[in-house]
Amino acid sequence: MELFKKTLDPVIALTIIAVLDIFLFLVVGAWTVGGGETMMTGLIAKGVMGDQLHRIPFWDVVFKPDPTYWKIYISLGMLFGSIVAAVMSKEFYWRVPRHLSEWVMITVGGLLMGIGIRLAFVCNVSTFFGLTPEMNLGGYLAISGIIAGAWVGSLIYKKVLEG
Amino acid sequence: MSAIGQCLAAFIFGSVVGLLVQRSRFCNTAALRDAMLFKTYRNTKALLVCMMILTIGFTAFITVGEGHTMHFDVGVNQILGLFLFGIGMVLAGACTVSTWVKAGEGNVGAIWALLFTFVGMFLFSLVWSFIYWPPAPTTMDHQTHLAALQFGYANAATLQEKTGIPAIAFGIVQFVVLFAIYRAILRKEARMAEEREQAGVAAGVAGAPAGAAAAPRAD
């Protein structure tokens, strides 16, 4: 199949995704990832801590762990779709970062993403593909934050690249 | 729609997104980072096209009272949160979408980033349980609360309600702005291509005598 032989133009890919996102917006809500990830965090924490988790108010007041929360399944779907695409196009293989600096950057980056999503209530996906197209004030605030953050991140990244 | 129906719709949507993003190598991080660092706009253009279509689609349905918009108050926390997120995604080399997609390709670094995103969320849940800021969505009333650095709630639907102008009209304005940015990028790319071409021609002219001189020796 041609789709699995050559790279797809991202404009075509994102156009299809936009149309599907409009359907999702009508059915249940716009595309988002951060909420699903937070719920997964809560479910994992509940699996590890059991009822002790309820001693942390956040998991009672903001995100009560619930496996039927629909946003979880967007993330699981993305993982599934990506595995299928990678296997079909023979692009699946284990890639491991080689340098310690990469591991440090990924660890710090992951932590900042997690903290940032919860502080903002939104992630990059809901910023660009949900809030801003809904013309929500939060989208414009979030875009100003992410552009400034990406700029600072790029300066740090450049410094690390230059060694 | 039932909870199972919602989960199923979300899974199907996610699966198609995962497949398309893997095949197109689209990355939200690259859309911002590459434009800032390397002046390349492959992902930025795709992001803008998607936002243009979504703006028209969402505001058209909001105009007739359809669609599920996001409902919570916004404030300084969106700026601060996405600022931290922006740094994080560039350092990790992946955003929320590409961590899942790259994880599906067998990228251990992306799985590690995902794991620490979860750790970051859990750490923030501990901090939130002491400071209770930003306010929980259940306590929000869509009014401005400057003491809590919250500006309330506003979107295309509230604009339509307050002004009487259909939401789609505001959507068209946003579409035009996004399109102007898109056109500016296309113009910049054309200019850069022209400059490269001119530099190539100049290098070719400068290199011609040396090449001509070398040819007889090779014979």
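1. Helices are DSSP runs of H or I with at least four residues, and are numbered from the N terminus. The model is predicted, with pLDDT of at least 70 needed for local features and 80 or more for side-chain atom pairs, while totals for chains, interfaces and linings use all residues. Residues are numbered from 1 along each chain as its sequence is written, and chains are lettered from A and ligands numbered from 1 in the order in which they are written.

2. A:Leu119 lies in helix 5 (residues 100-120) of chain A. This residue is buried (20 or more other C-beta atoms within 10 Å of its own, C-beta atoms being placed from the backbone), because 25 such atoms lie within 10 Å.

3. Beyond its neighbours within four places in sequence, A:Leu119 is in contact with B:Asn77, B:Leu80, B:Gly81, B:Leu84 and B:Phe124; contact requires C-beta atoms, placed from the backbone, within 7 Å. The C-alpha atoms of A:Leu119 and A:Trp151 are 19 Å apart.

4. In chain A, helix 1 (residues 10-27) has 18 residues and should span 26 Å, and its end C-alpha atoms, 25 Å apart, agree with this. The expected span is 1.5 Å times one less than the number of residues.

5. Buried residues of helix 1 of chain A include A:Leu14, A:Ile17, A:Ala18, A:Asp21 and A:Phe25. The buried residues of this helix pack against helix 6 (124-131) of chain A, and against helix 1 (3-24) and helix 3 (42-63) of chain B.

6. After helix 1 of chain A comes A:Gly29, with a positive phi near 150°.

How values were computed. Helix = DSSP H or I, 4+ residues; strand = E, 2+ residues; numbered from the N terminus. Buried ≥ 20, exposed ≤ 12 C-beta atoms within 10 Å, placed from the backbone. Contact = placed C-beta atoms within 7 Å.
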